[in-house]
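Please keep the sequence and the structure at hand while reading.

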Amino acid sequence: MVIKFWQWAALSVIRAFAPERAAGIALARRIDWSSAKPGKLTVLCLERSQFIKDIEELRRLTNLNLVTLNAVRLKEQQEQWVPEADREQGYFSTWLKEPRAAHLRPVLESFGMALLTEAQRTMQVDAVATANIDYWQDEAVKLACLRLGIPFLVLCRENYTIPWTVPWMHEHLAKARFHFDGAGLAVFSQATKVAFSPGFANPDDIWVTGAPRYDRWIHMSPLAESQKTHISLVTFNDPGYMAVNTFLETAEIFDRVARAENRPGLTWLVKCKKRGDRTEVLERVGSLDGSPLLFEYDTPLFELYPRSRVVIGYNSLALVEAMLTDAPVVVPCWGEARPPRKDLLLDYNDPLTRRVVTFADSPETFAELIARAALGDKLLVGTPEDRRALFQTHIHLPGSDGGPATASAATEKFVRHYVERARLATASRTASSKAA
C-alpha cells in the first residue's frame, strides 16, 4: 500500500499522542487482501501455522473472502503493553475484567479498534476468526469486535479426543474462570464441544463442523502401487506427545533400516511439523552422515500419504488423517508409547483400531515392519469402512448426520449464521435509537 504524504503526517501525529492507535493502523496495513473479491462476505483470519490449512481449503470450497493477518505480528505488537506475567491463555480474559489487568483494557481496545477501523477502509470486515477460544493476544481484537458489532468467531484447531484432555480442559476453564465473550465456536468433534462447553453461556454456540483441511481427502482415489515410493515417519518429538525417548529410539531404528534397505526410487522421509520441529529433531538425532533420511516440514500430508508404503507416528491427528487414504499405519507401542488408555489417541486395546493400525510391540518388530514395507510387502490396512469409522471417532465426518456434505460448507453456514445475527442486532439497535 502506498502511503500519501498527508497520511504519513497524520500517522506521525497519532504515534505521538496515541501510540496504540498508530500501531493498530500500521498493523492493519499488513493484512493480506490478495485473495479477496468484491461481493463476498469477508472474514479477517488471525493466521497461525495450522490454521492456514483450513483457511486454504475454505478459500477453495466456499463463497467467503478469507483475508489474513499474521498472529505473531499481532502478539509482538501487544507485548509492549502486556506484562509477561499476564500473558496467560484463558486467564488474561478474566484478568482484563479485574483490577489486575483492567488498566490494560482501554489500551488494547483502542489498538483493536484502530486496527479494524483501518482495515474497513479497504473492505468491509464481516467477521473476525481465530484458531482458539483463549489466546491472550486475541483479546484486543475481540474487544474491538464487541464495540463494532463484528462477530468474533473461533474455528478451533485443537481437538480433544485423547481421554485425559476433556477433564483437563474443564479444569483449565474452571481455574481461569473463563467465559467466552465472542459470538461462536466451530470445532472438529463432539468431544471437543464437550471439552469447551463449560466456558460458554449457551453450548449451542459451539458447532461441530468437522475439519475443512480434510475435505479434499474424502473422494480421493488410491494411487497405483508403483507410485508408492515413500516410507514416512511423522515426528512425535515434542513433549506434548508424551513419548520423547521412544521417538528418539524410533528415529534411530528408522535411520538404521533406511541405510540397510535403501534402494533407487525409495524415499525415507521424516515429516516434521514445522521449521522449529525440524531443527529440534536434527539436534536430538545427531550426526546423520551417509543417511538417506530426508527431513521436511513443508510437504503436505495430502501429497505424502497417497505415496506412502507406510506411515509411522504416535498420538497424532496426522495418523487419523491417514485413515482417509489406503496408507498402512504403524504405531510404536513400547516404553513411553504404551501408556494407559487415558493418554492415547489410538488405543492399542481397541478392536476397531487394531483392524486398521499395526502396533509394533518392540523395537525389533518395528524394524521388521518397516523393512517389509521397503521391500514392497503390503502391511495391514483393514477395510475402507473400518478406516472411516475410526476417523469418525475422532473427527466429525461431513454428511454423516444429514448436514452439509463438507466441513467447509458447514463452516460457511456457521459464519453466515453469526454475520446475519450481528446484522439483525445492529438493525434492531438502530431502530430502537430512532424510536427513542
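## Thr130 and its surroundings

The side chains of Thr130 and Asp138 are joined by a polar contact of 2.5 Å. This distance, like every value in the report, comes from a predicted model. Thr130 is found in strand 3, and with a relative accessible area of 0% Thr130 is buried, because the term applies to residues under 20%.

Once the neighbours within four places in sequence are set aside, Thr130 is in contact with Leu46, Arg48, Phe51, Tyr135, Asp138, Phe152, Leu153, Val154 and Leu155. Thr130 and Glu47 are 83 residues apart along the chain, yet their C-alpha atoms are separated by 7.2 Å.

## Helix 3 and the strands it packs against

Phe51, one of the residues that Thr130 contacts, belongs to helix 3 (residues 51–61), where Phe51, Ile52, Asp54, Ile55, Glu57 and Leu58 are buried. What do the buried residues of helix 3 pack against? Their partners are strand 1 (41–47), strand 2 (64–70), strand 3 (127–130) and strand 4 (152–155), together with helix 17 (407–435).

Strand 1 is itself mostly covered, with 6 of its 7 residues buried. Strand 1 pairs with strand 2 in the parallel sense, over 7 bridges, and Val43 has Leu66 in strand 2 as its bridge partner.

Is Thr299 buried or exposed? At 12% relative accessibility, Thr299 counts as buried.

The side chain of Thr299 makes a polar contact of 2.3 Å with the side chain of Glu296. When residues up to four places away in sequence are not counted, Thr299 touches Lys271, Leu304 and Arg307.

## Salt bridges across the chain

Side chains of opposite charge can pair when their charged atoms come close. How many salt bridges does a search of the whole structure find? The search finds 28 salt bridges, and among them is the one in which the side chains of Asp205 and Arg421 meet, at 3.5 Å from N to O. This pair links distant parts of the chain, 216 residues apart, since Asp205 sits in the loop between helix 9 (190–196) and strand 6 (206–208) while Arg421 sits in helix 17. Asp205 is buried, with a relative accessible area of 13%, whereas Arg421 is partly exposed, at 39%.

In another salt bridge, the closest N and O atoms of Lys378 and Glu225 are 3.7 Å apart. Here too the pair links distant parts of the chain, 153 residues apart, with Lys378 in the loop between helix 15 (363–375) and helix 16 (384–394) and Glu225 in the loop between strand 6 and strand 7 (230–234). Lys378 counts as partly exposed at 44% relative accessibility, and Glu225 counts as partly exposed at 49%. Both residues belong to a network of salt bridges that links Glu225, Lys228, Asp326 and Lys378.

Asp386 forms a salt bridge with Arg355, and the closest N and O atoms of this pair are 2.8 Å apart. Asp386 is buried, with a relative accessible area of 18%, while Arg355, at 42% relative accessibility, counts as partly exposed.

## The fold as a whole

The protein has 17 helices and 12 strands. Along its principal axes, the C-alpha trace spans about 75 × 50 × 45 Å. For 436 residues, a compact globule would have a radius of gyration near 22 Å, and the 24 Å of the protein agrees with this.

Of the 436 residues, 54% count as buried. Among the contacts with a separation of 6 or more, 73% are accounted for by residues 24 or more positions apart. The accessible surface of the protein comes to about 19400 Å², and 53% of this surface belongs to carbon and sulfur atoms.

Key: Residues numbered from 1 in each chain as written. Predicted model: local features only at pLDDT ≥ 70, side-chain atom pairs only at ≥ 80, totals over all residues. Heavy atoms only, no water. Buried < 20%, exposed > 50% of the residue type's maximum accessible area, 1.4 Å probe, protein only. Helix = DSSP H or I, 4+ residues; strand = E, 2+ residues; numbered from the N terminus. Contact = heavy atoms within 4.5 Å. Salt bridge = Lys/Arg side-chain N within 4 Å of Asp/Glu carboxyl O. Polar contact = N/O pair within 3.5 Å; in protein donor to acceptor, adjacent residues only side chain to side chain. Rg over C-alpha atoms; globule rule 2.2 N^0.38 Å. Areas by Shrake-Rupley, 256 points an atom, 1.4 Å probe, with all protein chains shown as cover. Pairing = 2+ DSSP bridges.
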